[in-house]
Amino acid sequence: MNVALEPTTVPVGGDYDVVIGSGVLARVGELLGPDVERVLLVHPPTLPGLSDRVTAALRDQGYAVHVAEVPDAEAAKTATVAAGLWSQLGQAGFTRTDAVVGLGGGSVTDLAGFVAASWLRGVRVVQVPTTLLGMVDAAVGGKTGINTAEGKNLVGAFHPPAGVLCDVDVLDTLPEADLVAGLGEVVKCGFIADPVILDLVGSAVAEDPARARSAANPHLRELIERAVRVKAEVVAADLRESSLREILNYGHTFGHAVEQVEGYSWRHGEAVAVGMVYVAELARLTGHLSGPDGDALVARHRSVLESLGLPTSYVPGRWDELLAVMRRDKKSRGSTLRFVVLDGLARPTRLVGPDDALLQAAYGLVSRRGTSPS
Ligand SMILES: NC(=O)c1ccc[n+]([C@@H]2O[C@H](COP(=O)([O-])OP(=O)(O)OC[C@H]3O[C@@H](n4cnc5c(N)ncnc54)[C@H](O)[C@@H]3O)[C@@H](O)[C@H]2O)c1
Ligand SMILES: O=C(O)C(=O)C[C@@H](O)[C@H](O)[C@H](O)COP(=O)(O)O
Ligand SMILES: [Zn+2]
């Protein structure tokens, strides 16, 4: 990413900061806070250069650094991997004033955050996201967790980080498909809260579609900052998802079901993209979106996401599996399914207990044979 702007600090309530900048990776120790002696650095196998740099920076600052390489991507988010980290913390004698650092994409920051939340009932975690999705979403806000055989993020805790460090330079090595998946969550913030995001994505695509899908997107820094501000404002108001925070789950009920049914072969941001189209169609079927404006907003979901190369359809014939997974969504209450839908652009609301027939009809509207992600 070719920008050399000064770092930006986005406060999350008064609790911690998200630092976004170029060349800021070595500042990780500054976010740890006082009294930390030992640090467990958790990272995937794909980032040897970055994990070495962060380890060296922490050691230079006097910390005793223990390193844990965990499986890549969704394979990191298991009870077995978490248990291995608990053993490592125990053997190294980590106390309540020691800390965990999560370096990697959302899968690693979710795992590292969960291990920090559960070790001694809670030690500090600093998140150093290395994917776009991690920077704009997963590392911010304190939702941590792992998967079980029954579904995604079914075990976890709300455990806000002590700080989040986003060094945008690391995005230069991120594969395009992962960058684009991160743009899926950025676009989500555009639909639920900040339509300027959709305009910026539109401008970037109009200027140069290939560049818009890369770390050279000329609006990327502003897109990151805007999406982080949306998330920061929401989680500062409702950390534990008693109400407002549910809007960040836009597109996720169907999206998480696609991820699980597909054995996590779709990227999270890809599944959320088709999930947003699904729920936009559901909003139209249930009257939340209506008339020409409603039609245009549904069409805008497809056009923005497709302009970035994100999927907007899913294969037919898997309704029973999808519905079974959707029933276990965390927004469900008893046997009542609940969705976040839009009443208009940036006007999110709840849809409670829609008819199964309408849920299935919306699936029909997003079904297309031969669909697969990038
Ligand atoms: N806690 C939350 O609020 C929250 C929010 C959104 C998503 N999530 C979770 O985040 C996960 C998805 O995160 P993700 O999209 O970052 O995927 P990911 O963590 O699987 O990373 C994607 C891939 O990019 C590689 N990678 C990471 N950084 C790189 C870099 N700088 N250069 C080259 N390769 C790099 C990784 O090794 C991996 O192969 C899902 O599990 C999702 O449920 C959590
Ligand atoms: O931060 C939130 O709240 C979100 O819902 C953000 C989502 O993008 C994210 O994927 C989250 O992990 C989903 O949470 P879950 O509660 O549906 O498991
Ligand atoms: Zn998400």
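Biologist: How do the residues of the shell around ligand 1 divide into nonpolar, polar and charged?
Modeller: There are nine nonpolar, 13 polar and eight charged residues in that shell. Keep in mind that this is a predicted model.

Biologist: Which residues come nearest to ligand 1?
Modeller: Thr 46, Ala 73, Gly 105, Gly 106 and Thr 131 come nearest, out of 30 residues around the ligand. As for elements, helix H3 (106–118), helix H4 (132–138), H5 and helix H10 (268–285) each give two or more residues to the shell.

Biologist: And where does ligand 1 lie relative to the domains?
Modeller: Between them, because domain 1 (8–173) and domain 2 (176–366) both give residues to the shell around ligand 1.

Biologist: OK, ligand 2 then. Which residues surround it?
Modeller: The shell around ligand 2 consists of Asp 137, Gly 141, Lys 143, Lys 152, Asn 153, Glu 185, Glu 241, Arg 245, Leu 248, Asn 249, His 252 and Lys 330.

Biologist: How many of the residues in the shell around ligand 2 are charged?
Modeller: Seven are charged, with four polar and one nonpolar. Ligand 2 also lies between domain 1 and domain 2, since both domains give residues to its shell.

Biologist: Switching to annotations. What does UniProt list under "binding site"?
Modeller: The unreviewed UniProt entry lists Glu 185, His 252 and His 268. These residues span 84 residues in sequence, but no two of their C-alpha atoms are more than 10.2 Å apart, so they gather at one spot.

Biologist: Is Glu 185 buried or exposed?
Modeller: Glu 185 is buried: 26 other C-beta atoms lie within 10 Å, and the cut-off for buried is 20 or more. You'll find Glu 185 in helix H5 (residues 176–192).

Biologist: What is Glu 185 in contact with, leaving aside its neighbours within four places in sequence?
Modeller: Its contacts are Leu 133, Val 136, Asp 137, Ala 227, Gly 269 and Val 272.

Biologist: And His 252, where is that?
Modeller: His 252 is in helix H9, which covers residues 252–261. His 252 counts as buried too, with 26 C-beta neighbours inside 10 Å. Beyond four places in sequence, His 252 is in contact with Val 272 and Gly 275. Val 272 is also among the contacts of Glu 185.

Biologist: Let's zoom out. How many helices and strands does the chain have?
Modeller: The chain has 13 helices and eleven strands. Its radius of gyration is 20 Å, close to the 21 Å that the globule rule gives for 374 residues, so the chain is as compact as a globular protein of that length.

Biologist: What does the C-alpha trace span along its principal axes?
Modeller: About 60 × 45 × 40 Å. Of the 374 residues, 49% count as buried. If you take contacts between residues at least 6 apart in sequence, 75% join residues at least 24 apart.

Biologist: Back to the two domains. How many residues are in contact between domain 1 and domain 2?
Modeller: 26 residues of domain 1 are in contact with 28 residues of domain 2. On the side of domain 1 that touches domain 2, strand S1 (8–12), strand S2 (16–21), H4 and strand S8 (151–158) each supply at least two residues. H4 gives the largest share of that side, with five residues.

Biologist: What is that side like by class?
Modeller: The side of domain 1 that touches domain 2 has 14 nonpolar, seven polar and five charged residues. The C-alpha centres of the two domains lie 26 Å apart.

Biologist: Which residues does UniProt list for the "3-dehydroquinate synthase C-terminal" domain?
Modeller: Residues 182–332, again from an unreviewed entry. Over that stretch the chain is 66% helix and 0% strand, and the end C-alpha atoms are 26 Å apart.

Biologist: Last one: is Leu 5 buried or exposed?
Modeller: Leu 5 counts as exposed, with 12 C-beta neighbours inside 10 Å. Leu 5 is in the segment before S1. Not counting residues up to four places away in sequence, Leu 5 touches Ser 22 and Arg 221.

Note on methods:
Residues are numbered from 1 along each chain as its sequence is written. Chains are lettered from A and ligands numbered from 1 in the order in which they are written. This is a predicted model: local features need pLDDT of at least 70, side-chain atom pairs count only at pLDDT 80 or more; totals for chains, interfaces and linings use all residues. UniProt positions are given in the numbering used here, feature names are shortened, and annotations may be inferred rather than shown by experiment. Helices (H or I, at least four residues) and strands (E, at least two) are DSSP runs, numbered from the N terminus. Two residues are in contact if their C-beta atoms, placed from the backbone, lie within 7 Å. The radius of gyration is taken over C-alpha atoms; the globule rule is 2.2 Å times the number of residues to the power 0.38. A residue is near a molecule or strand if its C-beta atom, placed from the backbone, lies within 6 Å of it. Ala, Val, Leu, Ile, Met, Phe, Trp, Tyr, Cys and Pro count as nonpolar, Asp, Glu, Lys and Arg as charged, and the others, Gly among them, as polar. Domain bounds come from an automatic or database domain assignment.
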